[in-house]
Amino acid sequence: MKTNIPVWVKVVLPIGISVALFVFIIFGIHIPDVEKRLLEQKKSQIYDLTQTAIDVISYQYKLSQQGKITEKEAKKQAAAIIGAMKFGPERKDYFWITNYEPRMVMHPYRTDLDGKMLDDFADPKGKHVFNEMVHAVKTDGEGFVDYMWQWKDDSGTIIPKISYVKAFPEWQWIVGTGIYIDDIKREAASQVAKLIFYTISIFFFILILSGYTIMSGVHTNEALLMREKELENLNSKLEDRVSARTKDLQESLENLKRTQNQLIEAEKMASLGNLVAGVAHEINTPVGIGVTTATYLEDKLKALIMAYNSGQMKKSDLDKFFETAEQSLHNISTNLLRAGSLVRSFKQVAVDQSSELPRKFSVKNYLNDILQSLSPKLKNSGHNVYLDVPEDLIIESYPGALMQIFSNLIINSLMHGFDEIENGIIEIKGEMEGTNLILTYSDNGVGMNEEQLARIYEPFYTTKRNAGGSGLGMNIVYNLISRKLNGTISIQSKPGQGTTFKITVPVKGERND
């Protein structure tokens, strides 16, 4: 028993599965990974920023070692420069400096701690923050420490923070800066909100499209059912009408045959058919980390500007920024690409060729006759045609076919090959190889690209339609050679290097010695 599945089920089921898969990928895979990736990127950022601060201290240290300033002056200048270095969206993120004791050397927002011992200092959870920092740098020279700290310059707000610290052993200094967990959560929430907005927009678009498709499908199905009923009624009456219509059909068939013969005679060598084109496209919505990468690049730029404004920027900083910018821009463009595809199909039609009886003729003389017939086109063109064919080359074949072949080739060179070229040269060579006549046609025109080579024999394909090109010339050449003469044609061409055709046809040939 045949089961009829409702149209709406056929439409909604695949769409529903697609939407469910999309939601799973976004909310089950992508979103949980957002905060983790942001945290890793921020850690990498403060790692690079702290290295910049270390470079500032190293520079001042070198000045003191060279005797240009005292060590006390170098430390004072280094602390002042680093204390003035701010970054982040609000320019409130900062660096601080302690030593190994640990004693606070500089803190831009907690000046009350400057110069004080911090070994007993603990955050609200009882964690001895600065002792852990000293332990980290003495063990590995650097490290990350998490703890509770005031919100930037707001001493009344205490929130979780992760800091990166790095040692400068020459002065037994520890330089650090940090990131607030709440910042990461807010940024992740912003990205998730955008993603949810895009997802809901896409869902509603699909929902509207689905509703339209369902309604169209229902109407189409109803129309098909009505049509089936009409066909059943017609079929039930068809047998009664066959006898009455037989005579009319026979007369119509005879008229059709007569008309067909008239069309064949009247439209020899004409091309019949329609070029059918179809276009399909698919929209892919980019989902990725474009916003994150752009934010990261912006932070890198701000850090570079900061280094430049402070007079501490080095060539290595600029080189590193260029490398980071190149990678980031590549990621942004890759993740935001929209791709589409265009599908074409062509319904080719055959071109009828006139028939004639074969006869013996001189190849060179006949080619000269062809050139003579084309002299109005060649005379004022500035282009020259050279023949290299033996005088005594006599063949038995279809001269009319050769006339059409070489007329089309020469006109093709004049119209396409010598576009914006003066003093073009066409060379035609002929020779016998066994029982085959080899004709080589070449010009020094503009040549063809790969697409043109692939489509040159297609009916209706032309690059000069607005200039009167029909797109049938080379299709006629191909059909005459392959069907009329039972031969082959090959082509060689590259842009700017001209075009060469090699025609091979079996003939009855002779040479008059």
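Leu 38, Gln 41, Lys 42, Gln 45, Glu 187, Thr 292, Thr 295, Tyr 296 and Asp 299 line the largest cavity. Helix H1 (7-65) and helix H5 (290-309) each give two or more residues to this lining. By class, the lining has 2 nonpolar, 4 polar and 3 charged residues. The volume of the largest cavity is about 60 Å³, and the structure holds 3 cavities of 30 Å³ or more. A cavity is a set of points on a 1 Å grid over the protein atoms alone where a 1.4 Å probe fits but cannot get out, and lining residues have an atom within 4 Å of a point.

This is a predicted model, in which local features need pLDDT of at least 70, side-chain atom pairs count only at pLDDT 80 or more, and totals for chains, interfaces and linings use all residues. Residues are numbered from 1 along each chain as its sequence is written, and side-chain values use heavy atoms, with hydrogens and water left out.

| Residue | Location | Phi |
|---|---|---|
| Asn 486 | follows H11 | positive, near 55 degrees |
| Gly 496 | hairpin of E11 and E12 | positive, near 80 degrees |

Helix H11 (residues 473-484) has 12 residues, which at 1.5 Å a residue should span 16 Å; the end C-alpha atoms are 15 Å apart, which agrees. Buried residues (under 20% relative accessible area, 1.4 Å probe, protein chains only) in H11 include Met 474, Ile 476, Leu 480 and Lys 484. The buried residues of H11 pack against helix H9 (399-417), E11 and E12.

Strands E11 (residues 488-493) and E12 (residues 499-506) run antiparallel and are joined by 6 bridges. Ser 490 stands opposite Lys 502 in E12.

Notes: 1 Å grid on protein atoms, 1.4 Å probe; cavity = no way out; pocket = protein on both sides within 12 Å on 5 of 7 lines; lining within 4 Å. Points joined across faces, edges and corners; volume = space filled by probe spheres on them. Helix = DSSP H or I, 4+ residues; strand = E, 2+ residues; numbered from the N terminus. Nonpolar A, V, L, I, M, F, W, Y, C, P; charged D, E, K, R; others polar. Pairing = 2+ DSSP bridges. Expected span 1.5 Å × (residues − 1). Buried < 20%, exposed > 50% of the residue type's maximum accessible area, 1.4 Å probe, protein only. Contact = heavy atoms within 4.5 Å.
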